[in-house]
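This report describes selected features of one protein model. Please consult the sequence and structure shown here while reading.

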Amino acid sequence: MVGLKEELLKSIWHAFTALDLDRSGKVSKSQLKVLSHNLCTVLNVPHDPVALEEHFRDDDEGPVSNQGYMPYLNKFILEKVQGNFDKVEFNRMCWTLCAKKNLSKSPLLISDEDAFKVWVIFNFLSEDKYPLIIVPEEGYMLKKGHKRKNWMERWFVLKPNIISYYVSEDLKDKKGDIILDGNCCVEALPDRDGKKCLFLIKCLDKTFEISASDKKKKQEWIQAIQTTVNLLRAGSPPPHKEARQRRKELRQKLLAEQEELERQMKELQAANENKQKELEAVRKQLEAAAARAAEEEKKRLQTQVELQDRFSLELEREKMVRQKMEEQVAQKSSELEQYLQRVRELEEMYKQLQEALEDERQARQDEETVRKLQARLLEEESAKRAELEKWHLQQQQTIQMTEAEKQELENQRIIKEQALQVAMQQLKQLELERKEALEQYEEVKKKLETAANNTKSWKDKVAHHEGLIRLIEPGSKNPHLITNWGPAAFTEAELEERQKSWKGKKATSE
């Protein structure tokens, strides 16, 4: 309960300071009455209006400070909290009061719900020291230059032992650092030269004048820097590390307590199970005894009822016997009629059976006829298949013979093609020889014409000088030989020699 009380006090402190609009540290009694009533509602604490009015009487002097409100808060509210309340609703009520104070930037970069969650996380992680503040680690402020003495807006980032300032929040253009150590100090300065919210950071070698955007930011930066310097003087680690270590130790302690509690719960559960088993056995015994008693009572009542009903049953039995005899006579008559009807049906079924047997016999004869026909067809099919196989063999032999003849004809065709190629070559050779012979014939003809011209001129001269004289002309009186290429100057001996040569070449090629 002590830890719960401390956690509740953090949210209540934010709500109390939010009501302190003039930052005097005190809140009016009417506002505290409303706050107390809302706290009792959300914490499920019985509201005592008499004690509230008695504690905040109107004749008291002025508003009440935080320390003056704490006795009533502890006695009438926090000590009565049992833990059966909605923490989210409690935190949301306190956040509603202090949201306007904490959310100074508009519009927000996150949603209102996310801002509320961040505030709850801050309260959970913050130390139990008041006032509860969020140490600003970065932000825009004005810094006075050391040489030109002009004021420039810079983005300041606070780290455990240094303050870095940049041109903008993207942290790309760094302009300098302010080294913090135990000898540094920070002081508030009055407004001057048109600059407000001034404060001074003194180091060993330099002094930095800075102007915050408002008084709240100025106070937060001064407190944050002074806290950092105090930690550096004391050689203490940063608060978040100490808080982390304390939370770790607390978690370990809670884990050990939880394990011990689970062990005790298991022991209690085992003992409870044993007790439950014993109680279950006793309950079963009691139920068995009650069941036996109920069964005996039921049997007694049943026997009595049976004795009372026995006499009436005997009277009814005689009536039932007479009725049964009449029913039996009627039933026998009905059964006789049914028997005769059954006999007629059996005779009809016998006739139908005879007809069915006759149909079956005829069907068997038809089946036998079909079977014989199928046997004959199978025999014919076998004969046809044998004949087809014989024809197939003959066809295979014929194909083989045809293949041999085809191969022989192919060989002959190849031989004839080779002979044709030889003949074509010989023909080309003869063509060349014919052309040479024609050329020789033309040359000889030219020579003969030249000789004839010379002879004529010579004959004319002789006739002119000596008279007519018969000249002996060159050439044979035998008939000229003519080939298929035209007239040629071949003798019969040369032609026979050429024929023998052709025949020899042809025989060689074949």
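## Cys 197 and its loop

Cys 197 is located in the loop that connects strand 7 (185-189) with strand 8 (198-202). The model is a predicted one. Cys 197 counts as buried because its relative accessibility is 10%, and the cut-off for a buried residue is under 20% relative accessible area.

The backbone of Cys 197 shows a positive phi of about 55°, although Cys 197 is not a glycine. Most residues other than glycine have a negative phi.

## Lys 149

A positive phi is also found at Lys 149, where the value is near 60° in a residue other than glycine. Lys 149 belongs to the loop between strand 3 (138-144) and strand 4 (151-158).

## A patch of negative charge

On the surface, a patch of negative charge is formed by Glu 138, Glu 169, Asp 170 and Asp 173. Of these residues, Asp 170 is situated in the loop between strand 5 (162-166) and strand 6 (174-179). Asp 170 has a relative accessible area of 43% and is therefore partly exposed, since that class lies between the limits of 20% and 50%.

## The protein as a whole

The protein contains 9 helices and 11 strands. It comprises 510 residues, of which 20% count as buried.

Considering contacts between residues at least 6 apart in sequence, 52% join residues at least 24 apart.

Methods
Residues are numbered from 1 along each chain as its sequence is written. This is a predicted model: local features need pLDDT of at least 70, side-chain atom pairs count only at pLDDT 80 or more; totals for chains, interfaces and linings use all residues. Side-chain values use heavy atoms; hydrogens and water are left out. Patches are made of residues with over 30% relative accessible area and no salt bridge: like charges are joined within 9 Å, nonpolar side chains (Val, Leu, Ile, Met, Phe, Trp, Tyr) within 5 Å. Accessible areas come from the Shrake-Rupley method with a 1.4 Å probe; for residues, only the protein chains shown count as cover. A salt bridge is a side-chain nitrogen of Lys or Arg within 4 Å of a carboxyl oxygen of Asp or Glu. Lys and Arg count as positive and Asp and Glu as negative; His and the chain ends are not counted. The place of a charge is taken as NZ of Lys, CZ of Arg, CG of Asp or CD of Glu. Helices (H or I, at least four residues) and strands (E, at least two) are DSSP runs, numbered from the N terminus. Buried means under 20% relative accessible area, exposed over 50%, partly exposed in between (1.4 Å probe, protein chains only). Contact means heavy atoms within 4.5 Å.
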